[in-house]
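Open the model in your viewer and follow the stops below.

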Amino acid sequence: MSLALLVGALLAIGAVVLVAAPFLREPAPSDDRLLRPGEGEQRRLAQAEERDRALSALKELEFDHRTGKVSDDDYRRLVGVLRQRAAETLRAGG
Amino acid sequence: MPDLGRAALVTSFLLLVYALVAGSFAAWSGRRRLAASAQNALIAAFGATAVASVVLLAALARHDFSFQYVAQHTSRELPLGYTLTAFWGGQEGSLLLWLLVLCGYSVAAVLTARRAGREVLAWVVPTLGLVGTFFALLLVFVASPFATQAAPADGAGLNPSLQNPYMAVHPPMLYLGYVGLTVPFAFAMGALLARRTDERWIVATRRWTLAAWAFLGVGQLLGAHWAYVEIGWGGYYAWDPVENAALMPWLAATAFLHSVMIQEKRGMLKVWNVLLVVLAFCLSLFGTFLTRSGIIQSIHSFTQSSIGPWFLGFICLITAASLALVFLRLPLLRSKTRLESLVSREATFLYNNLLLVALALTILWGVVYPLLSEAVTGEAATVSKPYYNFFLHSFGLPLLLLMGIGPLVAWRRASLRALGRTFLWPASAAVAAGIALLGAGAGSSRVGVIAYTFSIFALASIVLEFARGTSARRALGGVGWGGAFSSLVARNRRRYGGYVVHASVVLLAIGVAGSSAYQTVREGRLHPADSMTVAGNRLVFRGFETRTESNHRAIRANIDVYRGGDYLGRYRPGKNQYFAEDQVSNEVSIRHDLLTGGDLFLIADQVNTDGSIDLKALQKPLVNLIWLAGLVFLGGSLIALWPDAREERRLAERYEGAAVQI
């Protein structure tokens, strides 16, 4: 029973200390705001996702062409559009 | 010790309530330290739940029958291994396992999924806290594993069906799958609550979703094998509601794993993906409800209990709140791009999604309908095998075909000429196989021939995809065939791991079709020296033998098996009579033929007092491919899960600055 009591007490103390740790570590922080990304950061992220998507689409097309899934005609028709799109996203700073 | 268990559970409950309430307030008001404190509460809840679990395990190991749970699910003669697996053999213990796994997943996901972004993570914590609070509440107030009593001399023992080595791994695997689906759900809700509907929540939970899905898949196959070798009716899947309960979230998660690729590659289907995550999670809760509420009579429903209404209420709350949130965030979830062609890779993914969801929902209706009919009319209607088989054939066979078509079709759009070229070999192989099967007499089952033909088509397309990819990679120069192959897989582990998983599904389909459409069954009453024949095997009954083990008496029939003039060995189907549990179990005997993949399956249906036996013998062609499929599935899942350093670098660069801990 005493061991159980000891373990229970240690558990409770440990839990309280862990939960209070952020406040114990910084009792009076200069800034306690949960920073949210600004519009600029959100735009940068969206552009980065768009850039990766465009580059990945270009790579997929190249690979599908090499493996015969995309015919030469389809490749010629699509590659220009995708390259242009990729260039736009890179220019946009993505 | 029960006091320590109870105290640990109460501590866990309070910590989870704190994570929910303080975490919500912190995320809503934007308080950094409070959000970090709520996150720490999740970590502490894991510790408290682990302590409670250790207390229960210790009580089981010590046969402490003052714990009602220990007395109800074990006995002194139960071997230690099964005594410990009784942890999840009953309702209270399995709820504790749910909570332990949930807290473990929560801690691991929150600490590692930093790419989700701090504002998303701040909402993920209270979402995980909400689910944890529900389970902790059940354990503290409704179904405590630490209820005590005056200790009886011995316990009631464990259900004999659960006294099988598979019980050590099958339930934990399923729970890792069920509970793991909480992670993508929490991140999806976190993203919606934080109004951040970009890809970060998907990137952050990619591996967690895949892992949960793989656990659920492996868990089901282990369960099927357990049913096959232990339950003793000669099958591995009976469309039991509780078996269906694990299949439904797996199907929804499978649909999500496919459709999420369309969002990643094309920025489409954002609403659909969130809905699939909600569906998969709600179905996993529903699965736990079915298993643990005792609402359905099933081999798996070991207990009747009072937790049903709680579960139903929680499922309704989660479903309503999630759908309301998705509705509120619809403007943020609109896609900018559209499907360019109905003949494209993304279109095949869409068809696959519709079929998977349709299959999951028809199975759900089959499970729910008897309950509804009983509630309305007072009589439970029966939804049996033909209903499920009809929809399995209607949706499953096209899915098998799509599995072969998908890899052959290009993204965005595909011309007929390109399709003709890529389809030539797989289609020719499939047609040739179909004709050969008809010639070999397989036409007795139309569904079987179609399944085999589609399987060959899918397998050929997978092989072709690997071959063409390797060839294309080698053409870039600098490497041989081996190097090109490994570079191909290493550069796109998810795709090629996925193809290996597809191959496992093909093996599964071949195994299921072979063992169900083409199985042979013979039954007969045999006296000693009598014989019967099944699929060319002559079975001679040589009489019974009995032996007494620590917790049961075993009776076995000696059956000698001959094929042609060859003696293939002695097999011993029979029954076990368990003393403490006062139950009898069927113990089957199986002859595996590794060359053909088939099994000779023997069941002692009835042991008669006049020394005769009612023997049931089944010849199940290709059934072992189902278990082989499990290994291939695991291999494919591991390939897909394996970290990709190149991808990690790309994502690190993309999310630079956003990956800040709370």
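Start with the second largest pocket: its lining residues divide into 10 nonpolar, 5 polar and 18 charged. Ala, Val, Leu, Ile, Met, Phe, Trp, Tyr, Cys and Pro count as nonpolar, Asp, Glu, Lys and Arg as charged, and the others, Gly among them, as polar. This is a predicted model: local features need pLDDT of at least 70, side-chain atom pairs count only at pLDDT 80 or more, and totals for chains, interfaces and linings use all residues. Residues are numbered from 1 along each chain as its sequence is written, and chains are lettered from A in the order in which they are written.

Select A:Ala46, A:Glu50, A:Arg53, B:Lys270 and B:Lys336. Of the 33 lining residues, these lie nearest the pocket's centre. Now colour α2 (39–66) and α3 (72–91) of chain A, plus α10 (241–266) of chain B; each gives two or more residues to the lining. α2(A) gives the most, with 9 residues. Helices here are DSSP runs (H or I, at least four residues), numbered from the N terminus.

Next, select α7 (residues 170–180) of chain B. Of its 11 residues, 9 are buried (under 20% relative accessible area, 1.4 Å probe, protein chains only). Among them are B:His170, B:Leu174 and B:Tyr178.

Finally, show α15 (residues 416–439) and α16 (residues 446–475) of chain B. They pack at an angle of about 145 degrees, with axes 8 Å apart. Axes are lines fitted to C-alpha atoms over the stretch in contact, and angles run from 0 to 180 degrees between N-to-C directions. Contact means heavy atoms within 4.5 Å. The residues of this contact divide into 14 nonpolar, 4 polar and 2 charged.

Technical notes
Heavy atoms only, no water. 1 Å grid on protein atoms, 1.4 Å probe; cavity = no way out; pocket = protein on both sides within 12 Å on 5 of 7 lines; lining within 4 Å. Buried < 20%, exposed > 50% of the residue type's maximum accessible area, 1.4 Å probe, protein only.
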